[in-house]
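Dear colleague,

Please find below the structure I am handing over to you, followed by a summary of what was found in it.

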Amino acid sequence: MIILSKLADYGVIVATHLAAYPDRQVTAGAVAAATQLPQATVAKLLKAMAHAGLVAATRGASGGYRLAREATTISVAEVIAAIDGDIGLTQCSVHVDECSRTTYCPTRPHWAAINRAVGQALAAVSLDAMITPAVFAPRGLLLPAAPKADETRYSA
């Protein structure tokens, strides 16, 4: 099972919340209340995302946080990387020096390719897509199928 860290998951929730309200500047407390996440965790996530340039922070009485760029230009991969660092499915795909098998492991090149594919998939999803309700729904669920030209609309 491949699982994101809890912090990365929460980071995507916080970033998605900010994306849903692009014209607002909100405090960490307001984001925590809206997302039902602990305020200390939200503050930590916002700080990490600000350090990565994804979130802009303003100090003062009317201060708060907002996305530093439009939600269409920030990917889920960027948010995850801001929280967890480089995206890697195996230890050797990110921390090459920490594995003693690197020089003779027959699966390492394959994991690297899989790692790139997952990274590209996450990079292809923007925060804007995360707030669009049916963006990932199967095509048949979005709209009812139109009747074919030769179908009768009324039954006798």
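**Helix packing and model confidence**

Helix α2 (residues 28–35) and helix α3 (residues 39–51) cross at roughly 120 degrees, their axes coming within 9 Å. Axes are lines fitted to C-alpha atoms over the stretch in contact, with angles from 0 to 180 degrees between N-to-C directions; helices are DSSP runs of H or I with at least four residues, numbered from the N terminus. The angle makes α2 oblique to α3 (under 35 degrees is roughly parallel, over 145 roughly antiparallel, 65 to 115 roughly perpendicular, and the rest oblique). A28, G29, V31, A32 and T35 of α2 meet Q39, V42, A43 and L46 of α3, contact meaning heavy atoms within 4.5 Å.

In the loop between α2 and α3 lies Q36, whose phi is near 60 degrees, a positive value in a residue other than glycine. Q36 is exposed, at 72% relative accessible area (buried is under 20%, exposed over 50%, partly exposed in between, with a 1.4 Å probe and protein chains only).

This is a predicted model, in which local features need pLDDT of at least 70 and side-chain atom pairs count only at pLDDT 80 or more, while totals for chains, interfaces and linings use all residues. Residues are numbered from 1 along each chain as its sequence is written, and side-chain values use heavy atoms, leaving out hydrogens and water.

The chain averages a pLDDT of 83 (the predictor's confidence in each residue, from 0 to 100).

Yours sincerely

Technical notes: Helices (H or I, at least four residues) and strands (E, at least two) are DSSP runs, numbered from the N terminus.
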